Amino acid sequence: MSDSPSVRAALRSPRLLRTEVLAGLVVALALIPEAISFSIIAGVDPRIGLFASFTMAVAISFLGGRPAMISAATGAVALVIAPVMRDHGYDYLIATVLLGGVLQLVLAGLGVARLMRFIPRSVMVGFVNALAILIFEAQLDHLLDVPWAVYPLTAVGIAVIVGFPRISSVVPAPLVAIVALTAFTLVAAVDVPDVGDEGRLPDSLPAWFVPDVPFTVETLRIVAPYALAMAVVGLLESLLTAKLVDDITDTHSDKTREALGQGAANVITGFFGGMGGCAMIGQTMINVKVSGARTRLSTFLAGVFLLVLVVGFGDVVALIPMAALVAVMVMVSVGTFDWHSLRMLRRMPRSETAVMLATVVVTVATHNLAIGVVVGVLVAMVLFARRVAHLVSVERELVESADGTATARYRVSGELFFASSNDLYSQFAYAEDPDRVVIDLSGSHVWDASTVAALDAVSTKYARKGTVVEIEGLNDVSAAFHDRLTGHLAGH
């Protein structure tokens, strides 16, 4: 895998460097209200989320496997760890983040990244569409019960983001919208909600922090379930986001390195008192799709700019109207949604559509991308098993030999596993068949113990009426599997 283009190439090219720097700045500005809102969800001071976003972004820029992807404090992780903060306090929260990072390192070492190939395209499409809906839905809080001026400001922001690229692509349109709307609200003295209303910004750098919790089994019992949930949710969201960026940029990334990087970044974040996090698909889309960034430099600068902005220029950042950031995120949601998937609904098989819709509905209902993806994969598995099960056929033929004896020959075709082999038992004419039966499995494959048990049941029923059953045509793998289990499954 190679970064395309590389950080070195970006540093040597003024054009690429400008793209990376401005992309990092836009992402940093968009991160501020998000990090504050996620801190509120987790029940911690806004500084905890902002510091987490800084340490996650900087750490993953060096350690991650997917260049240009943004990692920071996220809503998915905030939802998982919020009960720890509520019931046990801040020190246990940080202990959970640290253990969650360690578990991510362990899962990465066990090869969890390789499981990504089992996620169907329809689940990925559902994931992307659900994410777009959630990003848009998150903006509604900033558009309800607000001064009337928020609406024209948001509309102007959207118009600038859509129209400015036709005039110039030198500066990212979202940055132009943020600066223009901020200047207008200050000059015209328009009273609308701003970033400062979201929460107090930090005035100092993050410091080394070790949680004050007893190193006992009881502590492990408290934090382990939440740490494991955080590890799984964070890895799933990060690896899915990495795969999405791979598709957008037509490049390959090292998913195992990304998983290791997420774990290490969370450990680092925990020791700086941050609330942990994972890849942020919304900010990643701003960075990669809207701003055109392609290297680790943009991710690193997003973290650095975030810290500089909130610590060094907090008073200025606090003046940015939320309407400007809402306009940016609305356009991110529009750009993230896979509109082509709607046009393809009539062409797609119903099962594929069902999987996509299940992913979207569950994700939007739970506000948890990980749960939606897991449900989508389970639905896809069930529908696939159901579809494949119907492809098994059993053909019966009566064959008479030269000496006048008859043989019933059954040819079984298709993949034999629990969903298809359960019906196998009823496919034979036990009462009508002669004393010799041959089951030809040359057109099939034995995949599991359920199939061996079904074949044993068929043989047993024939044996009760004195019929000899011969099984032939098994390929080498199926024969070895069948020989190892046949006769040993009854009664279990």
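Modeller: Glu 472 pairs with Arg 409 in a salt bridge, with the closest N and O atoms 2.3 Å apart. A salt bridge here is a side-chain nitrogen of Lys or Arg within 4 Å of a carboxyl oxygen of Asp or Glu. Glu 472 sits in strand β6 (residues 468-472) and Arg 409 in strand β4 (residues 406-416), so the pair ties together parts 63 residues apart in sequence. Strands (E, at least two residues) are DSSP runs, numbered from the N terminus. This is a predicted model: local features need pLDDT of at least 70, side-chain atom pairs count only at pLDDT 80 or more, and totals for chains, interfaces and linings use all residues. Residues are numbered from 1 along each chain as its sequence is written, and side-chain values use heavy atoms, with hydrogens and water left out.

Glu 472 is partly exposed, at 29% relative accessible area. Arg 409 is partly exposed too, at 27%. Buried means under 20% relative accessible area, exposed over 50%, partly exposed in between (1.4 Å probe, protein chains only).

Next, Asp 440 bridges to Arg 411, with closest N and O atoms 2.9 Å apart. Asp 440 is in strand β5 (residues 436-446) and Arg 411 in strand β4, 29 residues apart. Asp 440 is buried, at 8%. Arg 411 is partly exposed, at 37%.

Arg 436 forms a salt bridge with Glu 470, at 3.0 Å between the closest N and O atoms. Arg 436 lies in strand β5 and Glu 470 in strand β6, so this pair joins parts 34 residues apart in sequence. Shared partners link Arg 409, Arg 411, Asp 440 and Glu 472 into one salt-bridge network.

Conventions:
Helices (H or I, at least four residues) and strands (E, at least two) are DSSP runs, numbered from the N terminus.
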